[in-house]
Amino acid sequence: MSFEGEFASYEPLRRLLDSEKVKSLQNRLKIRQQEEETEDFENSIVKKSDLTESTLQPDLVLAIDGSNLAAKAENGFPGAEFGYITIASVLIDLKLIGELEKKEFVEPKKFRETEKASTIESVFPGCNVILDTEKNAKASLRRALFEELRSNTVFSDGETLLDTYEHLFRIKREHFQERNLPRSPIEGIDEEMTYDYGEYTCPHSGEPLFSTDALRLHELMNPGGSNGEMFGQIMATLEKLWLIHILRAFERKGWLATLRRVAFIMDGPLAVFSTSSWLTKVISHELTRLNEIQKKINDQDLLIIGIEKSGTFFNHFIEIDTTKDGVTDKFPKQSALLLNDGYIKRNIIFSESPKQYGQDTYFGRKFFYKTASGQKIVPVVACFNEYQRNLETAYPDQFARLADVMNLLDRLVSNKYPNSVSPLVSAHAEAAIPLNIGKRIFEDIAREIREKSSK
């Protein structure tokens, strides 16, 4: 790292280009074969016109997106910071939007009525932030995470977000036993973590433990610097818990029939990474259960989609849409490239591992889709059974309601942000600038879903 006012000369660049070690490494690099990529690409294209859409298309979209910001805490300690995290849920009425689009002039007020938003906010301790009588910042974070899940709920008379989490945790303990338990989160205790529910006492130290310790998010804390990565992982974990929380709330209310009209769209992949990645298997387990119940009522799978707006998959999509001469639009419109494990490992994320891509982190699978307007989208659709999760093959029926997903993306694609969809733009704006903080209006949103679905 340079000193203030110091500028590098060209000498390091020349040395880098002439370095024998650099040249040696370049000679050892594995090169992806473009011919293999083109062959796979052409043989795997699926056209929307070749698929059959459902008779009932969703006319309501519930978008979920989060935002996080690390902010300085004024408590006298150097580097003290806290993480401010928001999770926004935005309901968009596609039917009303369609009616407004037929008019020559749309009143801004009427257009705003097509969206209803609800936002939850959370604040978590970071470096050098100590709560109450806790011994350190890590213990403070553990308590704050537990209390935050306990204090949030979709419905005032329903289960809390903590209840939802502990239901998933119970599935983990009953169906996915760990061979080697992690270490206790309490400083100075070198014993295995003691699992239980709610707040309980550590048998080795007498200090408090929490069911949420099993997420192990506290392990990501940097005690001597910024904790942006940790706050990002907390946000991503809360987003996935919130999705399951909403679906379980609809089940408890007896409103599963209304889900035939609703599509759920999340920002980013349908996956859980880092220390809380064990949630992937239990979320898959719970989604399978919920989907089976509602499918008996609605006769079709749930429509749950994640959108990857950037990254290696999106970059590869741009590559295969461009000819060797640099001309774009090679990929046909209203067509999809369904990705299997072999294609991903040969062309996008190189690997020779026998374990399929994303096996431990994803509860959905990806494909590429170019919309009717030419926008390139990387969707991730939720999987509800082992056949859909099997990445050895990539058949249309392994992607839940593929034709409906394509149709929805054609309708929702954003003109302002070419690699995203409009509901996520609205959800991100709500999460980044949470105008509805403190307004517990999700219950009103849910009731509106029910009322519209009964018409």
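This report looks at a sheet, a helix packed on it and some salt bridges.

The model is predicted, so local features need pLDDT of at least 70 and side-chain atom pairs count only at pLDDT 80 or more, while totals for chains, interfaces and linings use all residues. Residues are numbered from 1 along each chain as its sequence is written, and side-chain values use heavy atoms, leaving out hydrogens and water.

**The sheet**

Let's start with the strands, which are DSSP runs (E, at least two residues) numbered from the N terminus, as are helices (H or I, at least four). Strands pair if DSSP finds at least two bridges between them. Here nine strands make an open, mixed sheet, ordered S1-S9-S10-S11-S8-S7-S2-S3-S4. Strands S1 (45-47) and S4 (115-125) each have a single partner strand, so one side of each lacks a neighbour in the sheet. Within the sheet, S10 (residues 364-370) and S11 (residues 376-382) pair in the antiparallel sense over five bridges. Tyrosine 369 has isoleucine 377 in S11 as its bridge partner.

Helix H8 (residues 228-253) packs on this sheet, touching strands including S2 (60-72) and S7 (262-267). Contact here means heavy atoms within 4.5 Å.

**Salt bridges**

Side chains of opposite charge can pair when their charged atoms come close. A salt bridge needs a side-chain nitrogen of Lys or Arg within 4 Å of a carboxyl oxygen of Asp or Glu. The count is 28 salt bridges, and here are some examples:

| Pair | Distance, N to O |
|---|---|
| Glutamate 53 and lysine 48 | 3.9 Å |
| Lysine 240 and glutamate 239 | 3.8 Å |
| Lysine 295 and aspartate 301 | 3.3 Å |

Glu159, Arg248, Glu251, Arg252, Glu286 and Arg289 are linked in a salt-bridge network.

Conventions
Axes fitted to C-alpha atoms, helices over the stretch in contact; angles between N-to-C directions.
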